[in-house]
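Here is a short briefing on one protein chain. Look at the structure first, then follow the points below.

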Amino acid sequence: TTAEPVAELSSESAHTAAAELSTETAEALEDAAELVALLDDEQYAHSAASEEDAALALEQHQLGAAANQDEDYEEAASCFEAAHRLHPRASTLLCVANMRLKQGAGEVASYLYGVILAHPSTTAAEAAMARRKLALARSASSSSMLAACARSASSASLQQQEEAPSSPPQQQQQQQQQQPAPHQPSPPSAG
């Protein structure tokens, strides 16, 4: 009968974790979808970016690479996204996906890698990298869901402990005195 509250707690934590993840992930996926749409935008599909946009995109890409070297993945992703908005290419989207993976956003990275693999402008080298990283992204997705479940379960457990009425110290002492002493194993006989 103590299994019921545990089952309820586990189920409740999973739903809470899923809700937390889905809100953050939904927003991140919407942002990613905007970047993906640029790959097929007619404005970019049939014409090269202006020289100015291409130069700005290259500058943003270099800033993103530097931020990645400094392990500032949020800044790196932001720079790569800016480069992609200026001059959309599968290679730049691959950089964005890699930064999202490094940030632990496996769901977003998986989506981007899938798009990159399916896009006709993707080179063989880009596809090979996307394929390799897709497995890592899926693993990160599973891990982030498990971590969120654990956080929710821990939070719910703490809340239950706080809400539970505490026994007066006298009652606790009586309960301890009523419990039988633990069984002590007897030493082996010499024989």
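Predicted model: local features only at pLDDT ≥ 70, side-chain atom pairs only at ≥ 80, totals over all residues.

- Helix α3 covers residues 51–69, which makes 19 residues.

**The loop after α3**

- Glu71 is found in the loop between α3 and α4.
- Its place is just after α3, and its phi is positive, at about 60 degrees.
- Glu71 is a residue other than glycine, yet it has this positive phi.
- Is Glu71 buried or exposed? Glu71 counts as exposed, because its relative accessibility is 59% and the cut-off for exposed is over 50%.

- How many salt bridges does the model have? The count comes to 2.
- In general, side chains of opposite charge can pair when their charged atoms come close.
- Glu74 forms a salt bridge with Arg100, and the closest N and O atoms are 3.8 Å apart.
- This pair links distant parts of the chain: Glu74 is in helix α4 (residues 73–86), Arg100 is in helix α5 (residues 90–102), and they are 26 residues apart.
- Glu81 also meets Arg100 in a salt bridge, at 2.6 Å from N to O.
- Glu81 lies in α4 and Arg100 in α5, so this pair ties together parts that are 19 residues apart in sequence.
- Glu74, Glu81 and Arg100 are therefore to be read as one linked group, a network of salt bridges.
- Arg100 is buried, with a relative accessible area of 15%.
- Glu81 is buried too, at 16%.
- Glu74 is partly exposed, at 49%.
- Why is Glu74 not called exposed? Its relative accessible area is 49%, and exposed means over 50%.

**Cysteines**

- In general, a disulfide is a covalent bond between the sulfur atoms of two cysteines.
- How many disulfides are counted here? The count comes to 0.
- Cys79 is buried, with a relative accessible area of 3%.
- Cys95 is buried as well, with a relative accessible area of 16%.
- Cys95 lies in helix α5.
- Which residues does Cys95 touch, leaving aside those up to four places away in sequence? Cys95 touches His61 and Phe80.
- Cys95 and Ala76 are 19 residues apart in sequence, and their C-alpha atoms are 8.7 Å apart in space.

**Asn98 in helix α5**

- Asn98 has its place in helix α5.
- Asn98 counts as buried, because its relative accessibility is 11% and buried means under 20%.
- Residues up to four places away in sequence aside, Asn98 touches Tyr113, Met129 and Lys133.

**Helix α6**

- Helix α6 covers residues 106–118, which is 13 residues.
- From its first C-alpha to its last, α6 reaches 18 Å, close to the 18 Å expected at 1.5 Å a residue.
- The buried residues of α6 are Gly106, Val108, Ala109, Ser110, Leu112, Tyr113, Val115 and Ile116.
- Tyr113 is one of these buried residues, and Tyr113 is also touched by Asn98.

**Leu38 in helix α1**

- Leu38 is in helix α1, which covers residues 3–39.
- Is Leu38 buried or exposed? Leu38 is buried, with a relative accessible area of 15%.
- Leu38 and Leu86 are 48 residues apart along the chain, and their C-alpha atoms are separated by 9.5 Å.

Notes
Residues numbered from 1 in each chain as written. Heavy atoms only, no water. Helix = DSSP H or I, 4+ residues; strand = E, 2+ residues; numbered from the N terminus. Buried < 20%, exposed > 50% of the residue type's maximum accessible area, 1.4 Å probe, protein only. Disulfide = S-S within 2.5 Å. Salt bridge = Lys/Arg side-chain N within 4 Å of Asp/Glu carboxyl O. Expected span 1.5 Å × (residues − 1). Contact = heavy atoms within 4.5 Å.
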